[in-house]
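Please look over the structure shown below.

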Amino acid sequence: MTFLSDSALERLRVAADAPDLTGTRYHLLGKLGQGGMGGVFRVDDSTLEREVALKVINVAYLDLSARLLQEARVIAKLEHPGIVPVHDAGMLPDGRPYYTMKLVQGKRIDELGKDMGGIADRLRTFLRICEPVAFAHAHGVLHRDLKPTNIMIGPFGEVLVMDWGLSKALAAGIDSAESGSVAEDCAADPAAVVATAHGSVLGTPGYMAPEQRNGEIVDQRADVYALGAILEFLLQDAQPRVPARLAAIWRKAKAEDRDTRYASVPDLADDVAHFVDGLPVSAYPESIVSRIWRWIARNRTWILLLLVYVVVRALLILFRPR
Amino acid sequence: MQALAEDTGIGGAQHRFPQTRWSVIQGARSSQPEQRQRALDVLVSAYWKPVYKYIRLHWGKPDEEAKDLTQDFFTRLIEKNLLDRFDPAKARLRTYLRVCVDGLVMNTDKAAQRQKRGGDVAVLPLDFESAEGELLELPIAGPGGPEEFFAKEFARSLFGLAVDRLQNECQAKGKSLHFQLLELYDIDEGGRQLTYEEVAGRFGIKPTDVTNYLAYARREFRRIVLEELRDMTGSEDEFRREAQTLLGVRLP
Amino acid sequence: MNKPVLGLVLGGILGIFDGLSAWFTPAVRSQMMGIVIGSTVKGLIAGILIGYFARKVNSLALGILFGLSVGLLLAYGVCAMQPGPNHYYFEIMLPGGIVGTIIGYATQRFGQQPRAIAD
């Protein structure tokens, strides 16, 4: 048997893992990462003379090839600044499906740490994360794998939600106990059944809603749960201490019972926006005294100036020369 | 570039899984002697070097004792039906085998082993000298524990088998040059410093041929590795996990 | 509502209240109507000036300072116009300065900026 040194072993492994781009317009530059059932590589597009990211299914998941192409189709239909655009898709000479997308130069939010700034900055980032997710929901698509490693901040502060590998295009018009909400018909979607049969975990622990963990039918509230976990992650080391009203928001989003969660991503985003504006939040019932106090705190400069005016006027009236 | 295929056609026949899947587990448990022999052959070819090196380095046994233990292990594997208790849902095959090796080393009595050796146990024709030579190539203190060491040696053994098989297949198909290019770039040290133009000149072919031949060889190498791996895993899930470990992420 | 209009509205309202507070000075009670009208006009002028300043200069500190200055200046003008020996400098300029400060703060913080229109 041929003896292989450690370096030869590594070269062979890389060579076997790398996509076969022979005869294509792409040239391999390096590997960016490994996610779920596919690897992501940095390639050069010789036709358009730009670098793009190429996702190709891992050899261990060749039986799920259809899923990768479905992922590409789903993302391609979602044209939103917060969703990485898909440029191309097809089959490589080695029989593996692939798709290319914009190469995002930026950092994942789990890598940013204290660079994310104070609470207000982190909340603004969170609201920008909610936008593409809400957009996807409005177009009948769930992400199902939202987590800090799937969210990137670009060089200009733009937020991009990545890795739609577990996304799910929902069947429309499914009966639901709640009018207007979108539900998933597992029987109409063999992909969900395949995932369960293979025993693969559909999602990431910690960010997976209970119903998702249990393999039940999921809807947009599963993504709401994940967003709640992301909000908690964003604020875990924020200074100063996180106010109780804000903590109540992520607790509501992460409720074990989905009926007590926010019904949709816009509802969650609205509560966060209300918090930012100093308005009441639905997750934290307040007494009337507390609400008045907060109104005063929000408008303290106004009130102070008017108070000064009234006091000065009163003093002038009281102590006017007779 | 192939156009986007219909879902049912994606991957083609070579990527469809067989209805019944032979594996060493099935073979080792079979009542038919030829199936059991085939299972033993597959296990020995992939695992004897990792087992030997593991006994030598991890257990610190001298070479003669390690040889005996290695022989004994594979003999017992089939005769004592050690794979009957293996459950792919609970552990990988290589982990199970390593634990079996640990058990054997801990429980074996040297004298009893020698006595048994002289009995009716067949000695496997294993090239222990080459394995000893390979031990010298390994770093003195590699990172990771016994699991990582065993996994890496298994990968080395599996890839080595795949390289040999690729060489034979390329020769049989008249594609020796394809293999030589893979050897130059991915096996030999320093090959990557050469440009495709230099290599093309050396072999009297076009630079584009270098790209194509190399791609062919790598593609075939991957196919062979996966086929060998599939035989050595007990379930689709285990195969997937092992393939991920070997080809998807960094080796342990 | 854009900033000059906001300043106008705020200046007018505060001017009215400012004028009405003169009722607490019996000596000038007979001139209430004139005081209220004058105070309102003063407030309107201060409001539009400060609001226009806020449209051009985006700085809270400068806006407040400008408001204070305009309030004091206009109030001084009112004081100077007072007949008789008592010009009530303190009684008129102090609240006038505060009103100008309030309008300066409000027009910097609120009110819409004009949209830039591309050629």
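This is a predicted model: local features need pLDDT of at least 70, side-chain atom pairs count only at pLDDT 80 or more; totals for chains, interfaces and linings use all residues.

Residues are numbered from 1 along each chain as its sequence is written, while chains are lettered from A and ligands numbered from 1 in the order in which they are written.

Q: How many helices does chain B have?
A: Helices (H or I, at least four residues) and strands (E, at least two) are DSSP runs, numbered from the N terminus. Along the sequence, chain B reads α-α-α-α-α-α-α-α-α-α-α. It has 0 strands, and its helices number 11.

Q: What percentage of the 252 residues in chain B is buried?
A: A residue is buried if 20 or more other C-beta atoms lie within 10 Å of its own, exposed if 12 or fewer, and partly exposed in between, with C-beta atoms placed from the backbone. By that count, the buried part of chain B is 35%.

Q: Why is strand β5 (residues 97-102) of chain A largely enclosed by the rest of the structure?
A: Strands pair if DSSP finds at least two bridges between them. β5(A) pairs antiparallel with strand β3 (residues 50-57) of chain A over 5 bridges, and with strand β4 (residues 86-91) of chain A, again antiparallel, over 5 bridges. β5(A) is largely enclosed because its buried residues number 5 of 6.

Q: Which residue of β5(A) is the bridge partner of Gly90(A)?
A: Val56(A) stands opposite Tyr98(A). Gly90(A) has as its bridge partner in β5(A) Tyr98(A).

Q: Which residue takes a positive phi in the hairpin of β4(A) and β5(A)?
A: This hairpin has 5 residues between the strands. The phi in question is near 85 degrees, and the residue is Gly95(A).

Q: Which elements do the buried residues of helix α3 (residues 60-80) of chain C pack against?
A: This helix has 21 residues and spans 30 Å. Its buried residues include Ile64(C), Phe66(C) and Leu72(C). They pack against α2 (32-56) and α4 (89-109) of chain C.

Q: Which residues touch the most other members of the largest nonpolar core?
A: A nonpolar core is a set of buried Ala, Val, Leu, Ile, Met, Phe, Trp, Tyr and Cys residues joined through C-beta atoms within 7 Å. The largest has 134 residues, and those touching the most other members are Leu227(A) and Val225(B).

Q: Where does this core lie in chain A?
A: Domain bounds come from an automatic or database domain assignment. Both domains of chain A give residues to the core, so it lies between domain 1 (23-102) and domain 2 (107-276).

Q: How many residues does chain A give to the contact with chain C?
A: Two residues are in contact if their C-beta atoms, placed from the backbone, lie within 7 Å. Chain C gives 11 residues, and chain A gives 10.

Key: The expected span of a helix is 1.5 Å times one less than its number of residues.
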